[in-house]
Amino acid sequence: MENGRIFWDSWVHNLQRWGLSQPAAILLDALGPLTSILAQVVYAGGPLLSNQKEKWEAMAAILEDKEQTNAFTALLRREELG
């Protein structure tokens with residue numbers, strides 16, 4: 001879900017504003033292979049979140065794909081430094 005990246009800047013901005021960008025990056029790194037399981041939980045909860053479904057699917061895509069997880073984590077860290 002490449003178009004899910006449209007939400008990334010907003011998520012990074014909100015996490016940074018709340019002071020959670022570094023903890024989120026650390027958590028994503030620490031979860032490692034468990035992110036795939038978490039992605040399935042997010043997908044399963046999709047019907048309950050129908051008004052925000054596209055955002056939740058984008059989040060699940062990040063969690064499901066290690067390359068996207070790494071890219072999002074790098075973005076979190078880069079925004080924290082800059």
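Q: Is Leu 20 buried, partly exposed or exposed?
A: The general idea is relative accessible area: buried means under 20%, exposed over 50%, and partly exposed in between (1.4 Å probe, protein chains only). Leu 20 has a relative accessible area of 38%, so this residue is partly exposed. One caution: this is a predicted model, where local features need pLDDT of at least 70, side-chain atom pairs count only at pLDDT 80 or more, and totals for chains, interfaces and linings use all residues. Residues are numbered from 1 along each chain as its sequence is written, and side-chain values use heavy atoms, with hydrogens and water left out.

Q: What does α4 look like?
A: For a helix, the expected span is 1.5 Å times one less than its number of residues. Helix α4 covers residues 53-64, 12 residues, and reaches 16 Å from its first C-alpha to its last, close to the 16 Å expected. Its buried residues are Ala 58, Ala 60, Ala 61, Ile 62 and Leu 63.

Q: Which residues touch the most other members of the largest nonpolar core?
A: In soluble globular proteins, nonpolar side chains tend to be buried together. A nonpolar core is a set of buried Ala, Val, Leu, Ile, Met, Phe, Trp, Tyr and Cys residues joined through side-chain atoms within 4.5 Å. Here the largest core has 17 residues, and Trp 8, Trp 11, Phe 72 and Leu 76 touch the most other members. Helices α1 (8-17), α2 (21-31), α3, α4 and α5 (66-81) each supply at least two residues of this core.

Q: What is Trp 8 in contact with, leaving aside its neighbours within four places in sequence?
A: Contact means heavy atoms within 4.5 Å. For Trp 8, the partners are Ile 62, Gln 68, Ala 71, Phe 72 and Leu 75.

Q: How much of the chain is buried?
A: Of its 82 residues, 34% count as buried.

Technical notes: Helix = DSSP H or I, 4+ residues; strand = E, 2+ residues; numbered from the N terminus.
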